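The following exercises are meant to be worked with the sequence and the structure in view. Each task is followed by a solution in steps.

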Amino acid sequence: MLDKPMTDKQLIAIAALARKKAYAPYSGFPVGAALLACSGKVYTGCNVENASSGLTVCAERVAVFKAVSEGEQEFDTLAVVTATGASPCGACRQVLIEFGGSLRVLVADTEGHLMEFSVDQLIPNAFPGWSLVGSGALDVAK
Ligand SMILES: [Zn+2]
């Protein structure tokens with residue numbers, strides 16, 4: 001952990017800065033995310049859109065994938081900033097639950113309004129990795 005813990009306000013400010021880097025020419029809806037790992041490091045993300053809309057990746061998933069690719073798998077808090085305070089989409093919720101339902105998710109708008117959830121609250125009755133154990137799905141890799 002950090003010597004000096006990151007405050008929610010600081011994490012939201014980092015997400016707001018990440019939002020400025022969004023590539024959102026089609027939706028015009030920039031999103032920024034900042035993911036605080038249990039190590040104390042923060043990984044940012046912004047939405048990256050594509051002319052082939054199915055290839056668009058949300059800010060939340062960019063942050064998670066950056067963190068995991070750097071060796072992180074335990075997370076404390078994710079801050080997401082949009083103009084309207086929109087919460088993560090279903091795909092992002094599924095990606096987040098992979099790393100634990102207790103992860104805090106702070107959803108903020110650009111006016112400073114804030115809501116807090118756990119991932120368990122955002123995706124109740126999720127499809128968890130453990131449900132594959134014993135199903136034979138994991139035997140394919142053997
Ligand atoms: Zn999403």
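Among contacts in the protein chain between residues at least 6 apart in sequence, 57% join residues at least 24 apart; two residues are in contact if their C-beta atoms, placed from the backbone, lie within 7 Å. The model is predicted: local features need pLDDT of at least 70, side-chain atom pairs count only at pLDDT 80 or more, and totals for chains, interfaces and linings use all residues. Residues are numbered from 1 along each chain as its sequence is written.

**Exercise 1. Overall build**

Determine which pattern the protein chain follows along the sequence, and compare its radius of gyration with that of a compact globule.

Step 1. The protein chain holds 4 helices and 5 strands; helices (H or I, at least four residues) and strands (E, at least two) are DSSP runs, numbered from the N terminus.

Step 2. In sequence order the pattern reads α-β-β-α-β-α-β-β-α.

Step 3. A compact globule of 142 residues would have a radius of gyration near 14 Å, and the 16 Å of the protein chain agrees with this. The radius is taken over C-alpha atoms, and the globule rule is 2.2 Å times the number of residues to the power 0.38.

**Exercise 2. The core**

Find which residues have the most contacts inside the largest nonpolar core, and list what L35 touches.

Step 1. A nonpolar core is a set of buried Ala, Val, Leu, Ile, Met, Phe, Trp, Tyr and Cys residues joined through C-beta atoms within 7 Å. A residue is buried if 20 or more other C-beta atoms lie within 10 Å of its own, exposed if 12 or fewer, and partly exposed in between.

Step 2. The largest core has 36 residues, and A33, A34, L35 and A79 have the most contacts inside it. Among the elements that each supply at least two of its residues are helix 1 (8–19), strand 1 (32–37) and helix 2 (59–69).

Step 3. Leaving aside residues up to four places away in sequence, L35 touches V42, Y43, A63, V64, A67, F75 and L78.

Step 4. In helix 2, the buried residues are A59, E60, R61, V62, A63, V64 and A67. Their cover includes helix 1, strand 1, strand 2, strand 3 and helix 3.

**Exercise 3. Exposed residues**

Explain why N125 counts as exposed, and do likewise for Q121.

Step 1. N125 is found in the segment after helix 4. N125 counts as exposed because it has 6 C-beta neighbours inside 10 Å.

Step 2. Most residues other than glycine have a negative phi. N125, although not a glycine, has a positive phi of about 55°.

Step 3. Q121 lies in helix 4. Q121 has 12 C-beta neighbours inside 10 Å and therefore counts as exposed.
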